Amino acid sequence: MACRVSSLCRPRLTAGALARGLFAAVLMASVGWGGVLQAANQSVQGAKKAEESGFDGDAPTAILTEASSGSVLFEKNADELRAPSSMMKLMTAEVVFNAIKKGDIKPTDEYRISENAWRKGGAPSGGSTMFAAINSKVSVDDLLHGAIIQSGNDACIALAEGIAGNERIFAADFMTKRARELGMTKSTFGNSNGLPDPGNKMTVRELAILARHIILDFPEFYKLFGEKEYTWNKIRQPNRNPLLNSMEGADGLKTGYTKEGGYGMVGSAVQNGTRLIVVVNGLEDPEDRATEAKKMLEWGFRNFETRTLIAADQPVGYAKVFGGESRSVKLVAKTPVKVMVHKNGSDKLIARVVYSGPVRAPVEAGQKVGVVRVWRSGNIAVETPVYAAEAIGTGSTMRRAIDGASELVIGMFRAGAEKL
């Protein structure tokens, strides 16, 4: 099986032999937008430079996305692994949110503040803390408030120990496993809170993925990130997110700092029904962190708007089928394929369906086949799964033999071409 790539047609036209591979899906689109959607003649790779995006960013690593579609508006070194510092607490929070949602734990469950949690993350530590008393019992709900609003390292350790027994097991067996389930393939975790550890590495892209997931899948918990203060043990502490008091519609998420990682922030805001997510990391000053995040969000709200390229359940194209009653299967996206575009309509978009194929029969209706990827200015702006719109049964013995022979010839041709 080989990866198949096919190019999306120009607006209101049906693609013909625009395929990049020997076997390519035919893609269809009706795009209600005056911008340019073009078929690509070559692969587009690499990160967008700041000057090409129209935004002048100072953060060493940064990304700006639209929450609903996941569309990327700007990125800079977005896949560079760095210490996430306290921004990593988002992963601990997500693990707890998911455990509550599954019924494995309850918000009223109480966990003990161990000496380890108290010394490493509590009052004696000198770091951000909830000030939970040693050997006291604190509910999961209160620990979440302490971890999210007060950035309490002790709260995170107590949650990790209460769920997994110890922090290392929580980091390896809960945080890492859950990150992979969410499609975060690069992130690694050495502890629960982001305190300096060689194992703590995340990219701004994966932090944005994580933030988007929390916002969309846990709205009942997401509101915690917008609370401006919390009091525990008679100590009132403000939320450390500077956007909450400086930007319209800002309601999350988390700041972070370590000497290794620098100053970073995951932020989100809603204006005129559009939610954007910003992640910056590696800055040298907390004021620069706040300024950079706000500047990027304001730039996104000012310059972009959401447009639908392909409606939900509209045929996107066809994928080649191996050994089936039909030689191809129609593909659809279950959700609209939307992308954020410049309001002036100057964007040039490239879209392709990418799948591993040919798809072996039988094919079930609703079976995931691949993805449709949309590039804007050389950057992947959005990626949406595509599914088989119909069932394709197994073909005759003759059909399977013909398809097998075709794939053999193609494989030999490809192997010969690679040696040239």
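Select strand β3 together with strand β4 (residues 72-76), and you will find them paired in the antiparallel sense over four bridges; helices and strands here are DSSP runs numbered from the N terminus, a helix being H or I over at least four residues and a strand being E over at least two, and two strands count as paired if DSSP finds at least two bridges between them. The model is predicted, so that local features are reported only at pLDDT of at least 70 and side-chain atom pairs only at pLDDT 80 or more, while totals for chains, interfaces and linings use all residues. Residues are numbered from 1 along each chain as its sequence is written, and side-chain values use heavy atoms, with hydrogens and water left out.

**The whole chain**

Before zooming in, colour the chain by pLDDT, the predictor's confidence in each residue on a scale from 0 to 100: the average is 84, and 81% of the residues score at least 70. Residues 7-52 have a pLDDT below 50, although this stretch has 115 contacts in the model beyond near neighbours in sequence, a contact being heavy atoms within 4.5 Å. The protein holds ten helices and 19 strands, and of its 420 residues 52% count as buried, where buried means under 20% relative accessible area, exposed over 50% and partly exposed in between, with a 1.4 Å probe and protein chains only. Of the contacts with a separation of 6 or more, 65% are between residues 24 or more positions apart.

Return to β3, residues 61-66, where six of the six residues are buried, so the strand is largely enclosed by the rest of the structure. In a regular strand the side chains alternate between the two faces of the sheet. Here both faces are covered, with T61, I63 and T65 buried on one side and A62, L64 and E66 buried on the other. Pick T65 next: its bridge partner in β4 is V72, and in β11 it stands opposite I277. The pairing of β3 with β11 (residues 274-283) is also antiparallel, over six bridges. In the hairpin of β3 and β4, five residues lie between the strands, and G70 takes a positive phi near 80°.

**The annotated positions**

Now select S86, K89 and S151, which an unreviewed UniProt entry gives as "active site"; such annotations may be inferred rather than shown by experiment, their feature names are shortened, and their positions are given in the numbering used here. These residues span 66 residues in sequence, yet no two of their C-alpha atoms are more than 7.8 Å apart, so they gather at one spot.

S86 lies in the loop between β4 and α2 and is buried, with a relative accessible area of 11%. Not counting residues up to four places away in sequence, S86 touches S128, S151, N193, K254, T255, G256 and Y257. K89 lies in helix α2 and is buried at a relative accessible area of 3%; its contacts, leaving aside neighbours within four places in sequence, include S128, S151, N193 and K254.

Move to helix α6 (residues 167-181): at 1.5 Å a residue its 15 residues should span 21 Å, and its end C-alpha atoms are 20 Å apart, which agrees; the expected span is 1.5 Å times one less than the number of residues. Among the buried residues of α6 are F170, A171 and M175, and what covers the buried residues of this helix includes α2 (89-102), α5 (153-164) and α7 (204-217). At the start of α6, a side-chain oxygen of N166 reaches to within 3.0 Å of the backbone nitrogen of R168, while just after the helix G183 takes a positive phi of about 85°.

Finally, select helix α9 (residues 286-303), whose N-terminal end is capped by D285 through a side-chain oxygen 2.7 Å from the backbone nitrogen of E287. Buried residues of α9 include M296, L297 and W299.

Methods:
Polar contact = N/O pair within 3.5 Å; in protein donor to acceptor, adjacent residues only side chain to side chain.
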